[in-house]
Structure formats: structure tokens, C-alpha cells
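Here is a short briefing on one protein model. Read it with the sequence and the 3D view side by side.

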Amino acid sequence: MTQPIAKLALEDGTVFTGLSLGAEGEVDGEVCFNTSMTGYQEILTDPSYRGQILTMTYTQIGNYGVNTEDMESSKTHMSGFIVRECSRRVSNFRANKSLDEFLKENNVVGLTGIDTRALVRRLRNSGAMKGVLSTIDLDDASLVEKARNSAGLVGRDLVKEVMPAEGSDWSEKLSPWVKMGDRNRAEKSRSELDLHVVALDFGMKWNIPRHLQDMGCKVTVMPGSSTAEEVLAQNPDAVFLSNGPGDPEPLVGPIETIRGLLGKKPIFGICLGHQLLSLACGAKTFKLKFGHRGANQPVLDVTTNKVEITSQNHGFAVEEESLPDCLEITHRNLNDNTIAGVQHKTLPAFSVQYHPEASAGPHDSEYLFERFRELVTGQRV
Ligand SMILES: NC(=O)CC[C@H](N)C(=O)O
């Protein structure tokens with residue numbers, strides 16, 4: 001069977017022609033790139049990619065297939081997925097399907113066989129662009145027009161499309177594979193759940209509550225739209241603010257909620273959670289030229305002067321000039337010096353722009369979960 005043709009058109013008029021991968025159809029989204037060599041399953045199921053068409057810079061993707069365990073949410077949320085070459089042979093004892101099958105099942109329109117290096121150079125030089133990926137309309141001019149007219153990410157609330165409708169009690173454990181790679185890791189696990197954390201879910205990656213549980217937290221997951229009163233009614237020891245898709249500034253409800261929680265409960269935020277905490281404290285966010293997406297982004301912890309290699313996925317960041325007096329910078333991205341972490345000077349609240357839960361990526365930043373635990377236990381009367 002021959003693979004159908006698929007095309008990617010960018011708003012700047014560039015068209016890439018390749019072969020269809022995964023589902024057939026037509027999608028639009030912001031086109032961005034991720035430099036991770038592995039971890040495509042975790043990336044595909046990270047809800048923060050809602051509204052985006054992602055290209056992997058690594059040339060061959062799919063060789064270890066997809067399994068039932070490495071899921072970061074119940075399904076794929078991104079609009080489209082692009083790889084230079086999708087491995088035709090799957091070789092891993094944990095795999096139960098191929099990447100192509102997984103994309104078809106999840107209705108993700110994919111593209112393969114294009115010069116992804118040329119695409120990434122274009123995004124790197126011009127910045128992230130709106131695009132359309134199609135196996136239906138193969139007319140270049142029509143596709144470019146659709147890309148130009150598509151909604152893009154800025155100003156849209158994408159969280160409401162991915163957050164859970166209702167709350168739930170988290171029960172899934174951290175994978176034994178995580179502990180196997182790190183001999184000291186097993187000793188850090190706590191079986192007694194002696195802290196209660198409410199996790200506000202804006203499109204949360206599952207490895208975060210898995211980590212929280214592993215360090216002794218009973219996690220109650222609540223929709224990101226919950227009010228401060230609803231959160232406080234759970235009587236938690238602390239509140240966690242999750243990652244999530246899109247532009248943080250339109251999320252006025254969650255920002256209001258966080259204002260209502262500040263000073264009442266210790267707070268820890270990751271990625272979108274970091275941006276929302278900063279906005280709640282009075283900072284502004286801005287759109288990065290092409291974002292940070294990969295598993296080897298260097299970050300300096302300015303409180304310890306240690307460098308950690310981190311997993312990242314964000315297109316917006318907190319604007320340094322707008323940082324209010326009540327916040328101080330704790331971490332910096334060493335590639336472009338942008339803010340990678342903040343803490344409140346007087347209240348128990350801190351956040352990072354990157355992903356200490358890794359998945360996929362290095363485990364250097366796992367200490368932040370311990371820092372959260374220490375902050376919470378230190379606050380407990
Ligand atoms: N992973 C995330 O939480 C991403 C945050 C936000 N959507 C951004 O792109 O900057």
C-alpha cells in the first residue's frame with residue numbers, strides 16, 4: 001500500500017511535501033520543535049502541546065514503539081506530529097504498538113519524509129509560526145491561506161479543553177523504571193502518605209502526581225477552574241499548580257484562585273503553574289521567539305549555584321522587567337538567561353518553568369519535590 005501525500009504549510013508561505021503518518025485529515029496549530037532524542041510517547045501525551053504541531057529534530061523516531069505505561073495523560077492532545085523518518089521496525093520488549101498505530105488511534109495527523117532540519121532552521125530564524133498540516137487539501141496556496149487565517153495560540157484559553165471535568169483521588173505509583181535508573185532513588189520513596197496536596201489540573205502530566213505520591217503526598221486532583229474556596233474546603237496541607245497548554249495571560253479565573261490561596265497554603269508550580277503563580281503575584285508573561293522544548297536545557301539554581309540539565313516544554317516565559325518586588329529569581333535558563341524559577345520572598349510559594357518530573361528527561365531536578373515537602377512540613381503547625 002502506498003502512503004498518501006501530506007503537506008505542511010507555514011504562514012510565511014513555505015510548503016513542505018512528504019508522506020502521511022498516523023491519521024489522515026487536516027489540522028492547524030502553532031508549529032514548534034522539540035530537540036529530545038527519545039521520549040516521543042511522553043511528549044505526544046503531554047497536554048501542554050494542545051493547539052500545536054510538533055516536529056522532532058532527531059532524525060529517526062519510533063524505534064522503541066509505544067507502550068501502555070509511559071503515558072502522561074489518557075491520550076494525545078497535540079494537533080499534528082512531524083518526524084524526518086518513522087522507524088518501520090519496533091524493537092523493545094515493553095512495546096505493544098508502533099508509533100504509526102498510536103497516532104492513528106489518537107487521531108493525530110502526522111507527516112514524515114520532509115527535511116525537518118530546514119523546517120527547524122526556518123522556525124529558529126523567524127520564530128514559531130502558525131501552520132496547517134493536511135492529507136486532504138494538497139493545494140499550496142490554499143493551505144498557506146488557511147495557515148494565515150488559523151487561530152494561533154496567543155490570547156486563547158486552551159486549558160478548558162484539556163483539564164478534567166471533575167476532581168479525583170490520585171492513585172498511580174511512580175514507575176519502577178524511574179527508580180531502577182537511580183540507586184539512591186528507592187531510598188527516597190515514602191509509603192506513608194502523611195501530607196495532603198491539592199493539585200490544580202490545567203492539563204497535568206501524570207508523572208507529577210506520581211512523584212508527589214512517591215514523596216508521601218495524598219494527592220487530590222481538582223479541575224484548574226476550581227475556586228480558592230473549593231480548594232480550601234479540601235483542607236489540604238499544600239497546593240500544587242500544574243503545567244498546561246497555551247497562553248497563560250487569558251487564564252483570569254485560575255490567577256484569581258491562586259491570589260486567594262497565596263499565604264493560606266504553601267504553593268508549588270510547574271511550567272504553566274509557574275507562569276500563573278508569577279501572574280498572580282503581579283508579573284507579566286511574554287511569548288518566546290520559538291520556545292524551549294527538549295530534554296537537555298541547562299538551568300542554574302542561583303540559590304545553590306548548581307547547574308541542572310532539565311526537560312522543558314514552554315513557549316511563554318515570565319518577563320524579568322515586570323517581576324514584582326515580592327518575587328525573587330531562583331533559577332535561570334542558561335541558554336538565554338530567561339527566568340526558570342521564582343520564589344515568594346515572604347510567603348511559602350515557589351515555582352519552576354521546567355519539568356522536575358522529567359518524563360522524558362534527566363532526573364537532576366527531582367530535588368524540587370523534596371524542597372516542596374520541606375516547605376510544607378516546615379509550615380505545618
Ligand atoms: N508545559 C507547560 O506548562 C507550558 C506552559 C505554557 N503553555 C507555555 O507554552 O509556555
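Strand 3 (residues 26-34) pairs in the parallel sense with strand 4 (residues 52-56), over 5 bridges. Strands count as paired if DSSP finds at least two bridges between them. Helices (H or I, at least four residues) and strands (E, at least two) are DSSP runs, numbered from the N terminus.

This is a predicted model: local features need pLDDT of at least 70, side-chain atom pairs count only at pLDDT 80 or more, and totals for chains, interfaces and linings use all residues. Residues are numbered from 1 along each chain as its sequence is written.

- Residues are in contact if their C-beta atoms, placed from the backbone, lie within 7 Å.

- An open sheet of 10 strands has the order 10-12-11-13-14-19-18-17-15-16, and its pairing is mixed.
- Its edge strands, each pairing on one side only, are strand 10 (168-169) and strand 16.
- Strand 16 pairs with strand 15 (residues 285-301) in the antiparallel sense, over 11 bridges.
- Here H292 stands opposite H314 in strand 16.
- Helix 11 packs on this sheet, touching strands that include strand 13 (238-241), strand 14 (267-270) and strand 15. The direction of helix 11 makes about 125 degrees with that of strand 14.

**Helix pair**
- Helix 10 (residues 252-261) packs against helix 11 (residues 272-280) at an angle of about 70 degrees, with the axes 9 Å apart.
- The two helices are therefore roughly perpendicular to each other. On this scale, under 35 degrees is roughly parallel, over 145 roughly antiparallel, 65 to 115 roughly perpendicular and the rest oblique.
- P254, I255, I258 and R259 in helix 10 meet L276, L277, L279 and A280 in helix 11.
- These contact residues divide into 7 nonpolar, no polar and 1 charged.
- Ala, Val, Leu, Ile, Met, Phe, Trp, Tyr, Cys and Pro count as nonpolar, Asp, Glu, Lys and Arg as charged, and the others, Gly among them, as polar.

**Ligand shell**
- Residues around the ligand include S48, N243, C271, L272 and H314.
- Strand 16 (residues 306-318) gives the largest share of the shell, 4 residues.
- By class, the shell has 5 nonpolar, 7 polar and no charged residues.

**Backbone exceptions**
- Most residues other than glycine have a negative phi, and most peptide bonds are trans.
- N107 is not a glycine, yet has a positive phi of about 60 degrees. N107 sits in the loop between helix 2 (99-105) and strand 8 (109-112).
- The peptide bond from S359 to A360 is cis, with omega near -5 degrees. A360 is in the loop between strand 19 and helix 12 (367-379).

Methods. Axes are lines fitted to C-alpha atoms, for helices over the stretch in contact, and angles run from 0 to 180 degrees between N-to-C directions. Two residues are in contact if their C-beta atoms, placed from the backbone, lie within 7 Å. A residue is near a molecule or strand if its C-beta atom, placed from the backbone, lies within 6 Å of it.
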